[in-house]
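This report goes through a protein model for a reader who has not seen it before.

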Amino acid sequence: MPISANDTNRKSWLEVSENSDFPIQNIPFGVFLTKENIVTVGTRIGDYAIDLGALQQLNYFEGIELTDDMFMQDTLNDFISDGKKTWRLVRNRIADIFDKNNPQLQNQPKHRDIVIFNIQDVEMQLPVLIGDYTDFYSSKEHATNVGKMFRDPENALLPNWLHLPVGYHGRSSTIIPSGIPVHRPIGQTLPSGENTPVFGASRSIDFELETAFITTDANVMGEMIPINEAEDYIFGMVLLNDWSARDIQKWEYVPLGPFLAKSFATSISPWIVTMDALEPFRVPGPKQNPSPLPYLQQKGKHSFDIHLEVAIQPENASPTIVSTSNFKYMYWTMNQQLTHHTSNGCRVNSGDMMGSGTISGPTPSSYGSMMELTWGGKNPIVLNDGSQRKFINDNDTVILKGFCKNGQVRIGFGEVSSKLLPPFVRK
């Protein structure tokens, strides 16, 4: 089935600015709350949020097999469960409805009033009920930098790293959408030169520049997804900030890896950009040497040219861009991550989220965390207001953005923006 929604000649009858992340060729999916306190599944074109539940009730999806309440829910899980054919049919239909040459909705002012909202008048929600969250560790540059800082610089990568996508099981209960503030966590740390830990607020809060992919129901327990089928089970991608407490992490991570240093908060962008929308931006990933075992081998273009940036904005000050990177630097692809994840028969469900791991590039300006950018706090960053940062200060807002662009179209993710607050005080 062709992806007609990607037609770069298509224009919308809704106004879309030239540098918008959300032209009619994007059509991401999300969930939002209207001013009338109605939660609905929606999409976005330009600065307009579109109520897909209302469109369905008005029969604009006639001819597509959907359950009656498919878009009148507070998550996308059921829609994602319907699979790739349905995703493509719906996205193509939305593109047709909002095409400037289609008068069907355009000439129905009463319908438009029900369906279309200004983006400023809606409140974005978490788009899916995330049952499980896995965070990978798939940037060779990031893993090498961390290895140099915490282990032998001559053996920065652990022996298994070049043979499999390393990952850990995260905490889905503290995944939040953009705009929700995060409290500085409290935990155990080991002060420098001491033998006894202390309990108190983390002093080394960091961001991690990541993306994540959202899955559909992929397999039954015991079944492995073959590498050449993995992409069929990936619905789309979001931006992800995997907040990290580095001092807590340093003390607790041996021997089992991250725990409380990561589980206090993970922020994601609210619009899921589909793999169909990203199709024009495929690129080859880095050459893998040594060649992976046969079950992880793939040929062709399985990475994506996604420009990424991170800014830090102190309270009452302008933001400073501190990192510019790209998803194409990732050593392990999403297909390899999903195939390896299921290689032991682990079940993957609709709405599960898989984090890429910190995305760092080959140059210092493309590093994806403060730990790397300041090299463990040794080289502070100077912000536009003249202040310095080794890590993130209370009342700083961290803003992640991402977009793809070629000579014909720009497809973006919007942003994930989160403010760091002081530790939670129980009243």
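## The surface between the domains

Domain 1 and domain 2 bury about 2,300 Å² between them, with 57% of that area on carbon and sulfur atoms; buried area is the accessible area (1.4 Å probe) that two parts lose on being put together, summed over both. On the side of domain 1, the residues that lose the most area to domain 2 are Asp21, Ile80 and Trp87, which together make up 24% of what that side buries.

This is a predicted model, in which local features need pLDDT of at least 70 and side-chain atom pairs count only at pLDDT 80 or more, while totals for chains, interfaces and linings use all residues. Residues are numbered from 1 along each chain as its sequence is written, and side-chain values use heavy atoms, with hydrogens and water left out.

## How the domains are laid out

Domain 1 covers residues 4-125 and domain 2 covers residues 133-421, with bounds that come from an automatic or database domain assignment. Taken over C-alpha atoms, the centres of the two domains are 29 Å apart. Contact, meaning heavy atoms within 4.5 Å, involves 29 residues of domain 1 and 29 residues of domain 2.

Lys84 and Asp232 form a salt bridge through their side chains, at 3.2 Å from N to O.

On the side of domain 1 that touches domain 2, two or more residues come from each of strand E1 (30-33), strand E2 (39-45), helix H2 (77-81) and helix H3 (84-97). Helices (H or I, at least four residues) and strands (E, at least two) are DSSP runs, numbered from the N terminus.

## Salt bridges around Lys262

The model has 15 salt bridges by this rule. Asp206, Glu208, Asp242, Arg246 and Lys262 are joined in a network of them. Lys262 is in helix H8 (residues 260-263), and its relative accessibility of 6% counts as buried; buried means under 20% relative accessible area, exposed over 50%, and partly exposed in between (1.4 Å probe, protein chains only).

Which residue does Lys262 meet in a salt bridge at 2.8 Å, N to O? The partner is Glu208. Glu208 is in the loop between strand E12 (205-206) and strand E13 (209-215), so its pairing with Lys262 ties together parts that are 54 residues apart in sequence. Glu208 is buried, at 4% relative accessibility.

Asp242 also forms a salt bridge with Lys262, with the closest N and O atoms 3.6 Å apart. Asp242 lies in the loop between strand E14 (234-241) and strand E15 (244-245), 20 residues from Lys262, and both residues are buried.

## The pair of Asp47 and Arg44

Arg44 and Asp47 form a salt bridge in which the closest N and O atoms are 3.2 Å apart.

Note on methods. A salt bridge is a side-chain nitrogen of Lys or Arg within 4 Å of a carboxyl oxygen of Asp or Glu.
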